[in-house]
Amino acid sequence: MHQSNVLSLLYTRNSLSLYLSEVNKFPMLDAEEEFMLAKRYHDYQDVDAAHKLTTSHLRLAAKVALSFRHYGLSLADLISEANIGLMQAIKKFDPNKGFRLATYAIWWIKASISEFIIYSFNFFFSNTFHHWIWISKGC
């Protein structure tokens, strides 16, 4: 399957297992290759390096998203938010600090998902509350 179609699999019916199997096809990077790619992106904004870093860490993003599934939100949405967090981490990652990207990215992934959950619940309860007031006033 072409790499550009992998993320679109999240939104097709019964495709979570297909998405996860496609994500698992991307090779994991060893420390040296990860460092070189991160350095290329950090120093030169090399989009190809960022793409390879992203695709090699999609399974981490999916794994973290799966741990948030008990909130009752769409798993596809959680994985999408995890991927956004991963991309933010890659954008801000400094390979010269000596840490692996996964160590840094996991915090960005969790933060992105947490923010999505908070926003989703605030939106739901805010609308429910305003609807209740509207009904109780006899509008």
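Helices (H or I, at least four residues) and strands (E, at least two) are DSSP runs, numbered from the N terminus. This is a predicted model, in which local features need pLDDT of at least 70, side-chain atom pairs count only at pLDDT 80 or more, and totals for chains, interfaces and linings use all residues. Residues are numbered from 1 along each chain as its sequence is written, and side-chain values use heavy atoms, with hydrogens and water left out.

**View 1. Y71 in the loop between α4 and α5.** The loop that holds Y71 runs between α4 (58-66) and α5 (75-92). Y71 has a relative accessible area of 36%. That value makes Y71 partly exposed (buried is under 20%, exposed over 50%, partly exposed in between; 1.4 Å probe, protein chains only). Y71 touches I117 and F121, not counting residues up to four places away in sequence (contact means heavy atoms within 4.5 Å). Y71 and I117 are 46 residues apart in sequence. Their C-alpha atoms are 7.8 Å apart in space.

**View 2. The packing of α3 against α5.** Two packed helices are described by the angle between their axes and the distance between the axes. Helix α3 (residues 47-56) packs on α5 at about 135°, with the axes 10 Å apart. Axes are lines fitted to C-alpha atoms, for helices over the stretch in contact, and angles run from 0 to 180 degrees between N-to-C directions. The angle makes α3 oblique to α5 (under 35 degrees is roughly parallel, over 145 roughly antiparallel, 65 to 115 roughly perpendicular, the rest oblique). From α3, the contact uses A50, L53 and T54; from α5, it uses L86, M87 and I90. By class, this contact has 5 nonpolar residues, 1 polar and no charged.

**View 3. The largest nonpolar core.** A nonpolar core is a set of buried Ala, Val, Leu, Ile, Met, Phe, Trp, Tyr and Cys residues joined through side-chain atoms within 4.5 Å. Elements giving two or more residues are α1 (16-23), α2 (31-44), α3, α4, α5 and α6 (101-136). α5 gives the most, with 7 residues.

**View 4. The surroundings of L53.** Leaving aside neighbours within four places in sequence, L53 is in contact with L29, E34, L37, A38, I90 and L101. L53 is also one of the α3 residues that make the contact with α5.

How values were computed:
Nonpolar A, V, L, I, M, F, W, Y, C, P; charged D, E, K, R; others polar.
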